[in-house]
Amino acid sequence: MSTLKVEGLSVRAGALELVREVSFAIAPGERVGLIGESGSGKSLTALSLMGLLPEDVTASGTARLGGRDLVGVPESRVKDLRGREVSMVFQEPMTALNPLMRVGAQVAEVMTLHGTPRHDARERAVALLDRVRLPEPAQVARAYPHQLSGGQRQRVMLAIALANGPGLLICDEPTTALDVTVQKQMLELIDEVAPALLFITHDLAVVASVCERVLVMYGGRVVESGPIREVFTRPRHRYTEGLLAASRLTPRGTRLPTIQGSVPPAGRFPGGCVFRNRCPHATPTCEAAPALTGEGHAFACWHPAG
Ligand SMILES: Nc1ncnc2c1ncn2[C@@H]1O[C@H](COP(=O)(O)OP(=O)(O)OP(=O)(O)O)[C@@H](O)[C@H]1O
C-alpha cells in the first residue's frame, strides 16, 4: 500500500482552466472528503486520477500512487492502472452497469480484463458480491441489474471497484440516490472495505461521519484542507464558513463516532443532535432518543443498542 500524491494538478478545456494547481495526499487507510459547490471541480479532479476526462479536457501536473503516474499517461497504460491502482464508484449505478449482462459476469469481466482466468474470475465475483454483503451472492450473480434494488446495484458497483484490489477508492456522491437507511449501510460498507478513500459529496454530515480529513474546493482550487475537526470548527475560508452555515452542522463539528450500545447519561449532553434527520447513523430509535452533542465530543453520536 502506498500514498497517493497529487501535485499541481490542473485541468483545462482549451484556454479555460477548470481545476487549478490542486495538491493533496492520501495515505493508505485514510478517508478524505472532497467538498465544494456544484461546478467547483471535484469530479474533474477525480476523473483526472482515473484517466477518464472527456476528450476535449486535459490534465497536467502529477499524481502518483504505488510508484505509478496517473496523470499524462497514454490511454493504453491508463487502462492497466484503472481498477488496479484507483477505482471509482459513481452516483448512478444504473448507467454504469450493462443492463443486458448478468451482474456476476460484469464483476468477473473487470478481472478477466486484468488477466484473471475466466473460471477464477467467476468464482471471485461471487466472493466479492458476498464481501459487499449482498445476500445470496451466487443468486445475485445471475441477476440482471434491473432485478436488483438501487442499493444492491450500488453494492455491485462497489464489488466491481474492488475487484482488482485498488490502492485507492474514489466515491462520487455514491449514496445521494439512496434512501437514508440504505445510505447509512452503504457508508458503513465503504468505510469498511476502502483501502484508502477520496469521498466526493455535498453532504457535510456524510463527510463528518466517514472522513478524517477534508479538502474544500471553490472555483477550481482547493481553498482549504485539514482534519475535519479543524476545518469544521475553525473554517478559514469564507466559502467554508458559508457551507457550514448553510448545513445543519454547527461550527463545532468533527468526525462522528458511533458508540453502539451506549446511551448518554441524561442531561450530560445538552443541545440535541446537530445532525437530526440527516445523521447518517440515524435510526428510528435515534429519532425517539436523539443523538446528543457535548463539550469535548463535538458531534458524539450515541445510539441505544439493537
Ligand atoms: N467537458 C467539459 N468542457 C468544458 N467544461 C467542462 C467540461 N466538463 C466539466 N466542465 C466544467 O468544469 C467545471 C467543474 O466541473 P466538475 O464536474 O468537476 O464540478 P463538480 O464540483 O464535480 O460539480 P458537481 O458537484 O455538480 O458534480 C464546471 O464549471 C463544468 O461546467
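**Sheet and helices in the predicted model**

Helix α7 (residues 150–162) lies across β6 and β7, running at about 175° to β6. Helices here are DSSP runs of H or I with at least four residues, strands are E runs of at least two, and both are numbered from the N terminus. Angles run from 0 to 180 degrees between N-to-C directions, with axes fitted as lines to C-alpha atoms, for helices over the stretch in contact. This is a predicted model, where local features need pLDDT of at least 70, side-chain atom pairs count only at pLDDT 80 or more, and totals for chains, interfaces and linings use all residues. Residue numbers start from 1 along each chain as its sequence is written.

As for the sheet itself, six strands make up an open, mixed arrangement in the order β6-β7-β8-β3-β9-β10. Pairing takes at least two DSSP bridges between two strands. At the edges sit β6 (86–89) and β10 (221–227), each pairing on one side only. From one strand to the next, the twist averages 20°. Helix α1 (residues 42–50) packs on this sheet, touching β3 (31–36), β6, β7 (168–172), β8 (197–200) and β9, and makes about 145° with the direction of β7. Strand β9 (residues 213–218) runs antiparallel to β10, joined to it by six bridges; Leu215 has Ser225 in β10 as its bridge partner.

On to confidence: pLDDT, the predictor's per-residue confidence from 0 to 100, averages 80 over the protein chain, with 79% of residues at 70 or more. The model scores ipTM 0.97 and pTM 0.81.

How values were computed
Two residues are in contact if their C-beta atoms, placed from the backbone, lie within 7 Å.
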